[in-house]
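Keep the 3D view open while you read.

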Amino acid sequence: MPTTVSTPVNLPADEPVPFAVTEAAEQLLTAEPRTWLRRIWKGGQIVETCPAWCTDTHWNDQSGYLVDLCHGDGFQGPELSVFDAEDGMVQVPLFTGRINVDPYSSEPARNVPHVHLEPYPDQVMECLTPDEFAAVIAQLRAHCDRLDQVHARLVEARAEWQGQA
Ligand SMILES: [Zn+2]
């Protein structure tokens with residue numbers, strides 16, 4: 001949750017940005033390891049505090065535009081061995097993604113926690129609400145039920161095939 005220590009001021013982009021740690025900011029910085037001072041391009045600074053679920057390192061977040069900051073927690077998906085015409089057999093991660101929040105975004109879909117889901121690498125379903133994410137999960141669960149039926153048919157088909165041989 002962001003705590004504004006000083007309001008960013010409008011300075012020309014090429015001016016040096018005034019940067020000093022206030023006493024209040026210093027207390028916050030030492031009290032909480034997931035709190036850090038972030039210098040805002042075009043002026044000002046904020047003390048940024050990660051939500052408890054954020055696992056981002058923020059190594060490169062010591063300065064930047066206010067709106068570019070996001071907190072997140074990535075998750076992995078199953079990897080399937082898939083044949084690729086150029087690369088041969090490759091491991092493809094499916095349904096990976098992250099819970100994300102862009103606290104300073106003016107877009108209502110982004111400034112609350114949401115999910116970015118990558119069903120397939122480089123294919124992204126952006127800004128899913130909890131309901132939208134639940135709908136995707138329900139579709140996948142239903143599809144797994146159908147796959148179980150296909151599996152049963154395959155087992156039958158094999159037994160039949162081998163019985164004829
Ligand atoms: Zn964070």
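Two strands count as paired if DSSP finds at least two bridges between them. Strands themselves are DSSP runs (E, at least two residues), numbered from the N terminus. This is a predicted model, where local features need pLDDT of at least 70, side-chain atom pairs count only at pLDDT 80 or more, and totals for chains, interfaces and linings use all residues. Residues are numbered from 1 along each chain as its sequence is written.

**How the strands pair**

- Strand 2 and strand 3 run antiparallel, and five bridges hold the pair together.
- Look for Leu 37, whose bridge partner in strand 3 is Val 47.
- Strand 2 also pairs with strand 4, but these two run parallel, with two bridges joining them.
- Arg 39 sits opposite Ser 63, which belongs to strand 4.

**The turn with Lys 42**

- Strand 2 and strand 3 make a hairpin, with four residues between them.
- Lys 42 is in the loop that links strand 2 (35-40) to strand 3 (45-49).
- Most residues other than glycine have a negative phi.
- Lys 42 isn't glycine, yet its phi is positive, near 80°.

**The loop with His 58**

- His 58 is found in the loop between strand 3 and strand 4 (63-64).
- His 58 has a positive phi too, near 60°.
- With 15 other C-beta atoms within 10 Å, His 58 is partly exposed.

How values were computed. A residue is buried if 20 or more other C-beta atoms lie within 10 Å of its own, exposed if 12 or fewer, and partly exposed in between; C-beta atoms are placed from the backbone.
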